[in-house]
Amino acid sequence: MKNIVVGLLTLGVVGLMVVTFMGGRAYHGGEHGKVIEDFGDSISTNKTVAVTDKDDRQKENDKLNALRDKAGSAGAFQVSNAYKSKCASCHGVNGSGVQNGKPMMGPKLFGQSSEKIFKNLVEFKAGRKENIVMKGLLMSLSEEDLQLFANEIGEFPARAEAQKK
Ligand code: HEC
């Protein structure tokens, strides 16, 4: 009697396996399998998009590099030694806030007005605008120094423009 039960069970299991196998769709996950297939497609589409993005970025970088080469040096325009030694390491030699296509520690300053720069510097120094790095840096600078830096950075776009001619 036990043997018969085991035999029937085995037959049943084998039969189910055959049915599942022949079913194909069920074996591959049926409707779910299709969903996963669609998903797979959209992933590969995204991939192509990402690749074109990269290509565009690469092209842009190439263009930037070409511009830089044309300008002769990474600085592209003259900045004071004070800016170079005190600010350039975090904000970039030309205030772009970017180096080799990567964002630097400090944000972009290029293009901000001297009034805005000065206001920010005063606020950092006074501690009203919270930033340990900037505050520590500005502790030793007088308000006149801040004004000089602000004036200089405010001039960056004009300097870059003059350099192009
Ligand atoms: C050690 C890195 C470092 C150095 C050096 C540095 N900065 Fe900054 N700076 C920062 C960071 C980080 C911020 C962002 C602070 C924030 O917004 O909280 C910042 C913000 C600023 C801002 C505000 C910009 C904005 O868009 O909010 C100004 C203006 C500025 N810096 C000017 C200067 C000047 C001028 C010097 C040189 C005297 C200088 N920084 C040197 C790291 C630096």
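**Ligand shell and helix packing in a predicted model**

The ligand is surrounded by 17 residues, of which C87, C90, G106, N131 and F149 are the closest; a residue counts as near a molecule if its C-beta atom, placed from the backbone, lies within 6 Å of it. The structure is a predicted model, in which local features need pLDDT of at least 70 and side-chain atom pairs count only at pLDDT 80 or more, while totals for chains, interfaces and linings use all residues. Residues are numbered from 1 along each chain as its sequence is written.

The shell around the ligand divides into 11 nonpolar, 5 polar and 1 charged residues (nonpolar: Ala, Val, Leu, Ile, Met, Phe, Trp, Tyr, Cys and Pro; charged: Asp, Glu, Lys and Arg; polar: the others, Gly among them). At least two shell residues come from each of α4 (88–91), α5 and α6.

The protein contains 8 helices and 2 strands, taken as DSSP runs (helices H or I, at least four residues; strands E, at least two) and numbered from the N terminus. Their order from the N terminus is α-α-α-α-β-β-α-α-α-α. Of the 165 residues, 12% are buried; this requires 20 or more other C-beta atoms within 10 Å of the residue's own, whereas 12 or fewer make a residue exposed and values in between partly exposed, with C-beta atoms placed from the backbone. Of the contacts between residues at least 6 apart in sequence, 44% join residues at least 24 apart, a contact being two C-beta atoms, placed from the backbone, within 7 Å.

The expected span is 1.5 Å times one less than the number of residues. The buried residues of α5 are I117, F118, L121, F124 and K125. These fall within an arc of 130° seen down the axis, so they line one face of the helix; the arc is that of the directions from the helix axis to the C-beta atoms. E115 and A126 are exposed on the other side of α5. The cover over the buried residues of α5 includes α6 (132–138) and α7.

In helix α7 (residues 143–154), the 12 residues should span 16 Å, which agrees with the 16 Å separating the end C-alpha atoms. F149, A150, I153 and G154 are its buried residues. They cover an arc of only 130° around the axis and therefore lie on the same side of α7.
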